Amino acid sequence: MNKKDKYAVFGNPIKHSQSPQIHAAFATQTDQKITYRAHQVEPGRFKEVARSFFDNGGSGLNITVPFKIDAFEFADELSHRARRAGAVNTLALQDDGRIYGDNTDGVGMTRDITENLAWEIGDKRVLVVGAGGAVRGILGPLIKRKPSLLLIANRTVSKARQLASDFSDLGDVRGCSFEALTGNQFDLIINATSASLAGELPALPSAIVSDKGCCYDMMYSAEPTPFMRWAAENMAWAVSDGLGMLVEQAAESFCIWHGVRPKTKPVIELIRESLQAS
Ligand code: ATR
């Protein structure tokens, strides 16, 4: 039997990470021999621990909160989308020993929305709620899908405006306050704030979901998040959490490491079931 390739996810906290289960399912499906572990890294120690991981035979890492910017700085080479995002969630050891950094979060989300959920982005009016690191990761792939309008609304409006200006060379994207949304309607609303983590809801005006409008929360949980409940109360045509995005970004990382794209639908179902059972 071949020696198993060694992979891991680094984060803090990491206890509830679904990544080991997702990558184990992909590996079984595609007949790859790997180990994939979740590892809690203490703040300030990312670079040292990542260096030691690769020096000791590691082949690839996923990086989650709060180390995506450390990983960006750690990589020897960066993909265009990682450079745009200013953050890295995938590190891969190359044949020449250099470490390649990529960001698969944004394509993971757009793939979940357009392929798994079969919602459209092209020619649609899209609202992104939030202006933190998570939004920086998704804007490039969203703009690529050519929405007719792309608006970023944030509680701290200056951050939304700054982010819009940082991406304005890629396409038409604007930033505004929550209040400025009143009277407008959107076909797709993406909650990219961390509000759901605290059981909170961004203070969005009502009546902003268009007829047939869809609402997507980048967070996931066994129960509908406050944003998903708000969407249902506001007559959204379809509502989803971000579990599919989690699996799709993992599939994209898997593809970078192993050169083979796993099927995601059965793995989304598997993780959904295990989430509901826990
Ligand atoms: P991440 O990397 O997950 O994006 P972040 O950079 O800390 O995390 O950004 C968190 C985002 O969630 C911000 O847009 C934040 O709004 P502010 O910039 O105004 O702080 C948003 N957020 C968090 N809690 C929120 C709440 N209860 N209501 C509205 N927005 C909230």
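This is a predicted model: local features need pLDDT of at least 70, side-chain atom pairs count only at pLDDT 80 or more; totals for chains, interfaces and linings use all residues.
## Around the ligand

A polar contact is a pair of N or O atoms within 3.5 Å. A polar backbone atom of G133 lies 3.1 Å from an oxygen atom of the ligand. S194 also takes part through its backbone, with an N or O atom 3.1 Å from a ligand oxygen. T156 uses its side chain instead: a polar atom there is 2.5 Å from an oxygen atom of the ligand.

How much of the ligand's accessible area does the protein cover? On its own the ligand has 640 Å² of accessible area, and the protein covers 73% of that. In total, 15 residues surround the ligand. The closest are A131, N154, T156, K159 and E200.

## Rings that meet

Next, have a look at the aromatic side chains. A pair of aromatic rings is described by two things, the distance of the centres and the angle of the planes. Across the whole structure, a search finds 11 aromatic pairs. One of them joins F10 and F46 edge-to-face, with 6.1 Å from centre to centre and 80° between the planes. F10 belongs to strand β1 (residues 5-11) and F46 to helix α2 (residues 46-55), so this pair ties together parts that are 36 residues apart in sequence. Are these two residues buried or exposed? Both F10 and F46 are buried.

F26 and F254 make another pair, with ring centres 5.4 Å apart and planes at 70°, so this pair is edge-to-face. Here the link is between distant parts of the chain: F26 sits in helix α1 (residues 19-30) and F254 in helix α9 (residues 243-258), 228 residues apart. F26 is buried, as is F254. Ring pairs also build a cluster, made up of F10, F46, F53, F54, F67 and F74.

## Arginines over rings

Some rings have an arginine over the face. R84 takes this position at F167, 5.4 Å from the ring centre. At F186 the residue over the face is R125, with 5.6 Å to the ring centre.

## A closer look at T114

Finally, find T114 in helix α5, which covers residues 105-116. Its side chain reaches the backbone oxygen of T110 at 2.8 Å. Which residues does T114 contact, leaving aside neighbours within four places in sequence? They are W119, I121 and R145. With R145, the side chain of T114 forms a polar contact of 3.3 Å, side chain to side chain.

Definitions and conventions: Residues are numbered from 1 along each chain as its sequence is written. Side-chain values use heavy atoms; hydrogens and water are left out. Helices (H or I, at least four residues) and strands (E, at least two) are DSSP runs, numbered from the N terminus. A polar contact is a pair of N or O atoms within 3.5 Å; within protein, one must be able to donate a hydrogen and the other to accept it, and residues adjacent in sequence count only if both atoms are side-chain atoms. Contact means heavy atoms within 4.5 Å. Rings of Phe, Tyr and Trp (its six-membered ring) pair if their centres lie within 6.5 Å; planes under 30 degrees apart count as stacked, over 60 as edge-to-face and the rest as tilted. Buried means under 20% relative accessible area, exposed over 50%, partly exposed in between (1.4 Å probe, protein chains only). A charge sits over a ring if NZ of Lys or CZ of Arg is within 6 Å of the ring centre and within 35 degrees of the ring normal. A residue is near a molecule or strand if one of its heavy atoms lies within 4 Å of it. Accessible areas come from the Shrake-Rupley method with a 1.4 Å probe; for residues, only the protein chains shown count as cover.
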